[in-house]
Amino acid sequence: MKHRSFLAALLFLPTLLLAQAPATTPPDDPLPRLIQERQQLVQNYEAANAQRNAFLADKPSKKDLQEVVDALKGIIRKDTEIVRAVQAATLRRTAAVVAENQQAKQQVTVAQADQSSTRQRFYDLENQIQNLQLRDKQREKKLLDLQATADEATQARTSREMLVAGLAILCAGLLFYVLKLRSRLATPVRRRK
C-alpha cells in the first residue's frame, strides 16, 4: 500500500512542478521537454505494470516486474533532472532578482547623490544671489554717497561761481565808478585852464 502511494506521488510530481513554474518560460527552458519525457516514461510504466502473464495466473512475471522497476527508475531519474532544471531556473531567477535589486539600489544611491548635489548647488546659488544683492545695495549706497558729494561739490562750485560773478560785477561797477570819477575830476581841471 505504501508502495502505491509513493508511485501515485511520483506520478503527480510534474503537475506540482508545473503549478510552481512561472506562466511564461524562457525559450531555452528545458523543463517542458523534461516533463514530456517524464510523461512518456509514466506511460511506459503504466503499460509495463498492466502486463500480466497468462501462464502465471495473471500475475506479473519477473521480466514484467523488471520492466516496471526500470520504468520507475527512469521516472526517478527524470524527476531528478526536472528538480535540477527547476533549481537552476530558480537560481537564475534569484540571480536576476538580486541583480535587479542591486541595480535599483545603485540607482537610488545615484539619485540621492544627485539630489544632494543639486540641493548643495541650489544653496550655493542662493548664497551667491544674497552676496550679489548685498554688493548691489553697497554699490547703491556708495553711488548715493558719491551723488550727494557731487551735488555738494556742484552747489559749492555754483556758490563760488556766483560769488565770482558777483565780485566781477562789483569790480566792473567799481571800475566804472572809478572811471566816472576820474572823468569828472579830469573835466573840471581842463576848464580852469
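Author: A salt bridge is a side-chain nitrogen of Lys or Arg lying within 4 Å of a carboxyl oxygen of Asp or Glu. In this predicted model, such bridges link Arg 33, Glu 37, Lys 78 and Glu 81 in a network.

Reader: How many salt bridges does the chain have by this rule?

Author: The count comes to five salt bridges.

Reader: What makes Arg 33 and Glu 37 a salt bridge?

Author: The closest N and O atoms of Arg 33 and Glu 37 are 2.9 Å apart. The cut-off is 4 Å, so the pair qualifies. Both residues lie in helix H2, four residues apart, which is about one turn of the helix.

Reader: Is Arg 33 buried, partly exposed or exposed, and how do you know?

Author: Its relative accessibility is 43%. Buried requires a value under 20% and exposed a value over 50%, so Arg 33 counts as partly exposed. Glu 37, with a relative accessible area of 29%, is also partly exposed.

Reader: What makes Lys 78 and Glu 37 a salt bridge?

Author: The closest N and O atoms of Lys 78 and Glu 37 are 2.4 Å apart. That value lies within the 4 Å limit, and therefore the pair is a salt bridge. This pair links distant parts of the chain, with Lys 78 in helix H3 and Glu 37 in helix H2, 41 residues apart.

Reader: Why is Lys 78 called buried?

Author: The relative accessibility of Lys 78 is 11%.

Reader: Which residues is Lys 78 in contact with, leaving aside its neighbours within four places in sequence?

Author: Lys 78 is in contact with Leu 34, Glu 37, Arg 38 and Leu 41. Lys 78 itself is found in helix H3, which covers residues 62-192.

Reader: What makes Glu 161 and Arg 157 a salt bridge?

Author: Their side chains meet at 3.5 Å, N to O. The limit is 4 Å, so this pair also counts. Glu 161 and Arg 157 are separated by about one helical turn because they are four residues apart in helix H3. Glu 161 is partly exposed at 46% relative accessibility, and Arg 157 is partly exposed at 45%.

Reader: Which elements does the chain have, and how many?

Author: The chain has three helices and zero strands. From the N terminus on, the order is α-α-α.

Reader: What share of the chain counts as buried?

Author: Of the 193 residues, 13% count as buried. The chain exposes about 16,400 Å², and carbon and sulfur atoms supply 60% of that area.

Reader: Which residues form the largest nonpolar core?

Author: That core has seven residues: Val 42, Tyr 45, Ala 48, Val 68, Ala 71, Leu 72 and Ile 75. Helix H2 (31-50) and helix H3 each give two or more residues to this core. The largest share, four residues, comes from H3. A second, separate core has five residues, among them Leu 31, Leu 34, Ile 82 and Ala 85.

Reader: What does Val 68 touch, not counting residues up to four places away in sequence?

Author: Val 68 touches Tyr 45, Ala 48 and Asn 49.

Reader: Which residues make the nonpolar surface patch of about 390 Å²?

Author: The patch is made by Leu 163, Leu 167, Leu 170 and Leu 174. Leu 163 is found in helix H3.

Reader: Why is Leu 163 called exposed?

Author: Leu 163 has a relative accessible area of 55%. Exposed means over 50%, so the word applies to Leu 163.

Reader: How many aromatic pairs are there by the rule used here?

Author: The count comes to one aromatic pair. The rings of Phe 122 and Tyr 123 have their centres 6.1 Å apart, and the cut-off for pairing is 6.5 Å.

Reader: Why is the pair of Phe 122 and Tyr 123 called tilted?

Author: Their planes are at 55 degrees. Stacked requires under 30 degrees and edge-to-face over 60, so the pair is tilted.

Reader: Are Phe 122 and Tyr 123 buried, partly exposed or exposed?

Author: Phe 122 has a relative accessible area of 48%, and Tyr 123 has one of 42%.

Notes
Residues are numbered from 1 along each chain as its sequence is written. This is a predicted model: local features need pLDDT of at least 70, side-chain atom pairs count only at pLDDT 80 or more; totals for chains, interfaces and linings use all residues. Side-chain values use heavy atoms; hydrogens and water are left out. Buried means under 20% relative accessible area, exposed over 50%, partly exposed in between (1.4 Å probe, protein chains only). Contact means heavy atoms within 4.5 Å. Accessible areas come from the Shrake-Rupley method with a 1.4 Å probe; for residues, only the protein chains shown count as cover. A nonpolar core is a set of buried Ala, Val, Leu, Ile, Met, Phe, Trp, Tyr and Cys residues joined through side-chain atoms within 4.5 Å. Patches are made of residues with over 30% relative accessible area and no salt bridge: like charges are joined within 9 Å, nonpolar side chains (Val, Leu, Ile, Met, Phe, Trp, Tyr) within 5 Å. Rings of Phe, Tyr and Trp (its six-membered ring) pair if their centres lie within 6.5 Å; planes under 30 degrees apart count as stacked, over 60 as edge-to-face and the rest as tilted.
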